[in-house]
Amino acid sequence: MSQEKPWEQPGKWFVSPYNFEEEVRKNWSLPKRVIIHDTTLRDGEQTPGVVFRSDEKVEIAKILAEIGVDRIEGAIPSVSDDDRIALKRMKKEVSGSEIWAEIRTREDDLNLAIDCDVDGIIVEIPVPEEFLRLIWKDTEEGIRKHIEVVTRAKEHGLKVTTFLPFSTVAPLDRLKYFVTRIVGEGKVDNVAIVDTTGVLLPWSTQWLIKKVKEFCKVPIEIHCHNTWGYATANTIAAVISGAEVIHTSINGLGGNAALEECIMGLLALVGMDLDVKTEKLYEASQLVEKYTGIGCYKPFFDRTERYTEIGILAAFIRKAREKGIKLPGFFNPAILGIKEGRELLLGKKSGRHAVMLKSEKLGLPVPPEDKARIIAQKIKELSIKKKGPI
């Protein structure tokens with residue numbers, strides 16, 4: 001990249017020279033290298049109604065590798081047999097990129113990931129107390145279970161990132177407690193700060209990443225959602241403050257920071273060197289649109305914000321009701337004139353809790369959990385066959 005005028009790359013782009021003013025950049029803490037972790041095939045697929053079959057996942061993973069994506073998050077292995085097949089095929093057939101999976105803080109989830117022979121895992125644990133208590137008795141039990149799972153994963157040679165949903169709405173002292181305990185005792189490789197509801201601004205992102213780097217002694221990953229339209233800006237702001245890993249999704253699928261926007265922003269606007277093939281980005285975009293039937297994510301009005309299919313969200317809703325825990329309402333679609341509110345869909349990502357919730361809404365007898373689990377499995381199979389919700 002030309003150093004005389006980094007904002008002007010003949011035949012490529014011409015951007016504002018103000019981006020390169022010394023006064024603008026004097027407090028930046030750019031990492032030496034940015035790792036791209038793409039989650040199109042996991043978080044992107046969590047777009048309500050979207051289904052990738054295993055052969056489609058492998059095809060998309062191959063083009064992600066051609067682009068130069070460092071890590072491909074291929075699936076949650078507990079979702080379906082087809083996802084486990086996809087992960088195993090990706091590990092064998094995709095070269096040049098690591099294959100990762102996401103798991104809950106559960107031994108059975110870890111066993112599935114190990115069986116898929118992935119290179120690394122994203123392990124979830126929500127930070128806010130009201131969400132954590134939906135899964136465990138209290139904070140200490142949740143952290144202890146998490147440390148047990150990540151320790152065992154490390155013993156099996158897996159790279160491990162602790163993934164902290166809702167960390168951008170949790171008190172900083174609580175976030176610090178989680179990070180220092182898990183890094184100190186669990187020896188995780190990286191920690192992911194997750195703006196689950198997309199409510200940060202770039203300036204608050206910079207402040208938060210700098211604060212976390214004061215007490216986090218491992219690389220920081222940033223996972224931003226685009227609910228309010230700032231996912232790419234927040235991702236770049238995190239890198240400017242020293243985040244070493246960015247989470248992206250082709251076309252912003254799933255309401256994530258868009259792969260193409262983050263790559264072009266870091267290359268042209270920030271002036272970083274990335275070992276990527278930008279000429280493959282459009283092909284990747286078209287391929288994902290072909291297999292989803294939808295284009296790029298649009299804040300507020302996207303189906304991601306109007307429907308729910310993800311099993312863990314349905315579980316949160318049911319468990320919160322059972323335990324009398326009031327969950328925060330981050331955004332009410334009614335203020336935009338979306339009168340029906342959020343609708344529950346049944347599909348590939350649904351679990352037993354979604355089946356039970358849908359039964360209630362339809363006025364049907366609510367099946368017990370064991371029967372709901374069987375129904376959910378049938379729904380998954382039908383959804384994959386149909387390539388859409390049931």
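Helices (H or I, at least four residues) and strands (E, at least two) are DSSP runs, numbered from the N terminus. With that in hand, Asp 117 is found in the loop between helix H5 (107-115) and strand E6 (120-124). This is a predicted model, in which local features need pLDDT of at least 70 and side-chain atom pairs count only at pLDDT 80 or more, while totals for chains, interfaces and linings use all residues. Residues are numbered from 1 along each chain as its sequence is written, and side-chain values use heavy atoms, with hydrogens and water left out.

**Loops with a positive phi**

- Most residues other than glycine have a negative phi.
- Asp 117 has a positive phi, near 60 degrees, and is a residue other than glycine.
- Lys 187, in the loop between helix H8 (172-186) and strand E8 (190-195), also has a positive phi, near 55 degrees.
- Lys 187 counts as exposed because its relative accessibility is 54% (buried means under 20% relative accessible area, exposed over 50%, partly exposed in between, with a 1.4 Å probe and protein chains only).

- Helix H14 (residues 311-323) has 13 residues and reaches 18 Å from its first C-alpha to its last, close to the 18 Å expected at 1.5 Å a residue (the expected span is 1.5 Å times one less than the number of residues).
- Among the buried residues of H14 are Ala 314, Phe 316 and Arg 318.
- Those buried residues of H14 pack against helix H6 (129-132), helix H15 (352-362) and helix H16 (369-386), where contact means heavy atoms within 4.5 Å.
- The buried residues of H15 include His 353, Met 356 and Lys 358, and the partners of its buried residues are H14, strand E12 (343-344) and H16.
- A glycine with positive phi follows H14, namely Gly 324, near 70 degrees; after H15 comes Gly 363, with a positive phi near 75 degrees.

**The H3 and H4 pair**

- Helix H3 (residues 54-67) packs with helix H4 (residues 81-93) at an angle of about 35 degrees, and their axes are 8 Å apart (axes are lines fitted to C-alpha atoms, for helices over the stretch in contact, and angles run from 0 to 180 degrees between N-to-C directions).
- On the H3 side, the residues that meet H4 include Val 58 and Ala 61, and on the H4 side they include Ile 85, Ala 86 and Met 90.

**Nonpolar cores**

- The largest nonpolar core has 87 residues, of which Met 90, Ile 121 and Ile 193 touch the most other members (a core is a set of buried Ala, Val, Leu, Ile, Met, Phe, Trp, Tyr and Cys residues joined through side-chain atoms within 4.5 Å).
- Apart from that core lies another, of ten residues, among them Leu 346, Ala 354, Met 356 and Ala 376.
- Not counting residues up to four places away in sequence, Ile 121 touches residues including Trp 100, Leu 110, Leu 158 and Val 160.

- Thr 40, found in helix H2 (residues 40-44), counts as buried because its relative accessibility is 0%.
- Not counting residues up to four places away in sequence, Thr 40 touches residues including Phe 52, Ile 250, Leu 253 and Val 288.
- Ile 263 lies in helix H11 (residues 259-270) and, at 2% relative accessibility, counts as buried.
- The C-alpha atoms of Ile 263 and Thr 278 are separated by 8.0 Å, with the two residues 15 residues apart along the chain.
- Leaving aside neighbours within four places in sequence, Ile 263 is in contact with residues including Ile 36, Ile 67, Val 276 and Thr 278.
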